[in-house]
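Here is my note on the ligand site and a neighbouring topic, the pockets. Please read it with the model open.

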Amino acid sequence: MKKILIIGIGAGDPNYLTVQAIDALNAADVFFVMDKGPAKDKLVALRKEICARFIKHDDYRIVEATSPERRRDEGLDYKEAVDELNRDKQRVFERLIEEELSDGQCGAFLVWGDPSLYDSTIRILDSILAEGRLPFDFEVIPGISSVQALAAKHRVPLNFIGKPVSITTGRRLAEDGFPQDAQSAVVMLDAQNAYAQLAGEELDIYWGAYVGTPDEILMSGRLEDVKDEIVRVRAEAREANGWIMDTYLLRKRGVKD
Ligand SMILES: C[S@@+](CC[C@H](N)C(=O)[O-])C[C@H]1O[C@@H](n2cnc3c(N)ncnc32)[C@H](O)[C@@H]1O
C-alpha cells in the first residue's frame, strides 16, 4: 500500500515546524511540491530549505508540479471555479501518486500553514479515494496556521472570554459585513481590502503580511484610524514583492473580557 502524509509546515517561519512534522519529513521517500503564481519561487525555495534543514538523510526525492490556476473569467461563479480547480488538481495529484510513488513508499505533500484551513489537499485525497481506483493510506500532520502566527506576533488572543471567533474570507466580509454572531473575526484571502469598506462597527484591527518571514509587516489599531495606512502599506508591499499574503483579526471594541 502507498502512504501519503499531508504535512503542515507552518505559515512562513521554518521554526514553526512541529516535532511531529519533522518526524514525518524524515519518514517520506518523495515530496510533492505544488505551487503557483508570482510567489511560487519563494515558496518552493522555502520547502526545499525545510527538507534540507530537517531531514537527516539524503534518500529522498522532490517532485515539483505546477498547480493548476483558478479560472477568473468575468461572471463565472466562485464556487464553480473552485470546484473546477479542485478537479484539475485531483488529476495532477493522481498522476503524482500513480507515477512517482511505488507500492510501499511514502509520499508527502508539504502544505502551507495548517492543512485544515483554506487548503484543498485533504478534500482532494478524499475524492481520489472515493473514486476507488487508486488506493492509499493517508495521515494529516497539523501545522502552525497563519491565524496562530498572526495572533502570536500581535500578542493578542483571538476570542474574548467565552465568546465565539469567526474565520472567514475577504470575499465573505465584503459581501456579508462583520459576522453577526461573533465578537472577533479572522479574515484570510482578502484581495480587495474588505476591512476598509466596513461600516457601522467600532473595531480594532490586527493586520499582518508575510507573517513569520523576513518580509513580515505588522500593523494594528482602531480600524477607522489605521485602515488607510494599511491600504497604502499593503499596496506598496505588494508592488515591491510582486505578491502579498496577509491576514487580519478584527475585534469589536468595548467588549468586556
Ligand atoms: C490558501 S490560504 C492557506 C492558509 C494556510 N493553510 C494556513 O494555515 O494559514 C492562503 C491565505 O492564508 C493567509 N496567509 C498564509 N500565510 C500567511 C502569512 N505568512 N502571513 C499572512 N497571511 C498568511 C493569507 O490570508 C492567504 O491569503
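1. The shell around the ligand holds nine nonpolar, five polar and two charged residues. Here Ala, Val, Leu, Ile, Met, Phe, Trp, Tyr, Cys and Pro count as nonpolar, Asp, Glu, Lys and Arg as charged, and the others, Gly among them, as polar.

2. This is a predicted model: local features need pLDDT of at least 70, side-chain atom pairs count only at pLDDT 80 or more, and totals for chains, interfaces and linings use all residues. Residues are numbered from 1 along each chain as its sequence is written, and side-chain values use heavy atoms, without hydrogens and water.

3. Which residues come nearest to the ligand? Of the 16 around it, they are A11, W112, S146, D246 and T247. A residue is near if one of its heavy atoms lies within 4 Å of the molecule.

4. For A11, a backbone N or O atom sits 2.8 Å from a ligand nitrogen. For D114, a backbone N or O atom is 2.8 Å from a ligand oxygen. A polar backbone atom of D246 lies 2.7 Å from a ligand oxygen. The protein covers 88% of the 570 Å² of accessible area (Shrake-Rupley method, 1.4 Å probe) that the ligand has on its own.

5. Why does the ligand lie between domain 1 (2–141) and domain 2 (146–252)? Because both domains give residues to its shell. The bounds come from an automatic or database domain assignment.

6. By class, the lining of the second largest pocket has seven nonpolar, three polar and four charged residues.

Methods. Polar contact = N/O pair within 3.5 Å; in protein donor to acceptor, adjacent residues only side chain to side chain.
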